[in-house]
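Hi,

Here's the structure I said I'd pass on. Have a look at it first, then read my notes on the packing below.

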Amino acid sequence: MRKRTEPVALEHERCAAAGSSSSGSAAAALDADCRLKQNLRLTGTGAAEPRCAADAGMKRALGRRKGLWLRLRKILFCVLGLYIAIPFLIKLCPGIQAKLIFLNFVRVPYFIDLKKPQDQGLNHTCNYYLQPEEDVTIGVWHTVPAVWWKNAQGKDQMWYEDALASSHAIILYLHGNAGTRGGDHRVELYKVSAGGTHTCSLGWGDSVGTPSERGMTYDALHVFDWIKARSGDNPVYIWGHSLGTGVATNLVRRLCERETPPDALILESPFTNIREEAKSHPFSVIYRYFPGFDWFFLDPITSSGIKFANDENVKHISCPLLILHAEDDPVVPFQLGRKLYSIAAPARSFRDFKVQFVPFHSDLGYRHKYIYKSPELPRILR
């Protein structure tokens with residue numbers, strides 16, 4: 001029995017050892033498998049997180065782009081709506097177009113006292129206020145000839161009025177729209193033109209009343225008669241610039257019809273008529289090809305009684321005519337001045353008078369309002 005039992009116990013020990021060995025190997029394998037799966041899960045999570053972050057970032061970028069596009073679309077629709085509404089607004093309210101023609105509410109330079117021309121370097125200039133009719137007041141600057149500049153300082157209005165009777169010619173200057181008679185380029189022109197003449201500048205910047213073509217022409221006629229009443233037989237020239245050329249030709253036509261023509265008419269940067277000028281003006285570029293442009297924009301001007309028909313007026317003017325125009329004029333195209341000259345030159349009313357057109361090359365850079373810089377201007381005027 002003892003011999004048999006011993007082998008059995010030994011066999012059981014071997015089996016136990018074998019079982020123990022096999023279970024250890026299985027546990028080790030199981031641990032290795034768990035670690036592998038955990039590593040795989042960790043690896044998968046790490047790759048997914050950047051992808052999720054990238055997707056979220058892309059969604060935010062797309063959202064911002066969409067929001068920006070919506071805002072741009074709203075702005076575009078607003079601009080388009082305004083673009084379409086403006087022609088209808090002008091058609092329904094012709095007074096708006098009249099305001100844009102005269103621009104008398106634009107007082108440039110600002111914060112100057114037109115009662116004190118000496119503040120603009122004109123110590124030899126006096127400010128007048130004339131009243132052509134009740135409730136209407138117009139401002140005038142009178143600059144004396146250069147030879148009197150020293151004597152003129154500190155003198156009163158009566159001295160200036162008496163000076164008109166001296167043996168010097170007088171220029172009645174009618175400036176363009178916007179600004180006042182105290183504009184920088186206008187002041188410089190007074191200094192040039194006053195080399196040997198009196199210069200009386202009629203301005204509407206501080207005048208009382210509502211501007212209109214008829215009213216401005218009447219004001220100019222009143223000032224002309226006021227000058228003639230004080231100057232005797234001294235020559236009087238009418239000088240118009242830009243929109244002022246329309247007032248000038250209206251005035252001179254009336255003077256010629258009543259047989260009291262001026263001694264000469266000077267037109268600086270003139271146009272043919274207000275319809276052609278409005279169509280050629282740089283402000284009209286965005287609407288020039290708009291359907292019904294004439295009906296929307298030009299007809300309201302005519303219905304407001306604004307024509308400034310220089311091309312018609314010159315056919316009824318009988319006095320010497322001088323036209324000055326810069327080739328690089330961006331406001332009143334050079335071809336309009338040339339066209340006006342081609343209408344005036346063969347007119348029967350000018351058969352006994354000289355008609356001259358003086359162009360200024362674009363290289364000079366005189367544009368719309370700097371012809372006064374030309375060193376040849378005093379000679380041309382003489």
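Predicted model: local features only at pLDDT ≥ 70, side-chain atom pairs only at ≥ 80, totals over all residues.

Residues are numbered from 1 along each chain as its sequence is written, and side-chain values use heavy atoms, with hydrogens and water left out.

Leu202 also shows up in the largest nonpolar core, which has 63 residues; Leu172, Leu174, Leu202, Ile238 and Leu265 touch the most other members. By a nonpolar core I mean buried Ala, Val, Leu, Ile, Met, Phe, Trp, Tyr and Cys residues joined through side-chain atoms within 4.5 Å. Buried is under 20% relative accessible area, exposed is over 50%, and partly exposed is in between (1.4 Å probe, protein chains only). A second, separate core has 21 residues, among them Val187, Trp239, Ile371 and Leu377.

Now the rings. Rings of Phe, Tyr and Trp (its six-membered ring) pair if their centres lie within 6.5 Å, with planes under 30 degrees apart called stacked, over 60 edge-to-face and the rest tilted. That rule gives 19 aromatic pairs. One of them is Tyr83 with Phe290, edge-to-face at 5.6 Å centre to centre and 75 degrees between the planes. This pair links distant parts of the chain, 207 residues apart: Tyr83 is in helix H1 (residues 2-92), and Phe290 is in the loop between helix H8 (274-280) and helix H9 (293-303). (Helices, H or I with at least four residues, and strands, E with at least two, are DSSP runs numbered from the N terminus.) Tyr83 is partly exposed at 26% relative accessibility, while Phe290 is buried at 14%.

Tyr287 and Phe297 have ring centres 4.9 Å apart and planes at 45 degrees, so that pair is tilted. Both of these pairs belong to one aromatic cluster made up of Tyr83, Phe88, Tyr287, Phe290, Phe293, Trp295, Phe296 and Phe297.

Last, helix H11 (residues 334-344): its buried residues are Phe334, Leu336, Gly337, Leu340 and Ala344. Seen down the axis, they fall within an arc of 165 degrees (taken from the directions from the helix axis to the C-beta atoms), so they line one face of H11. Their cover includes strand E6 (264-268), H8 and strand E8 (355-360).

Cheers

Definitions and conventions. Contact = heavy atoms within 4.5 Å.
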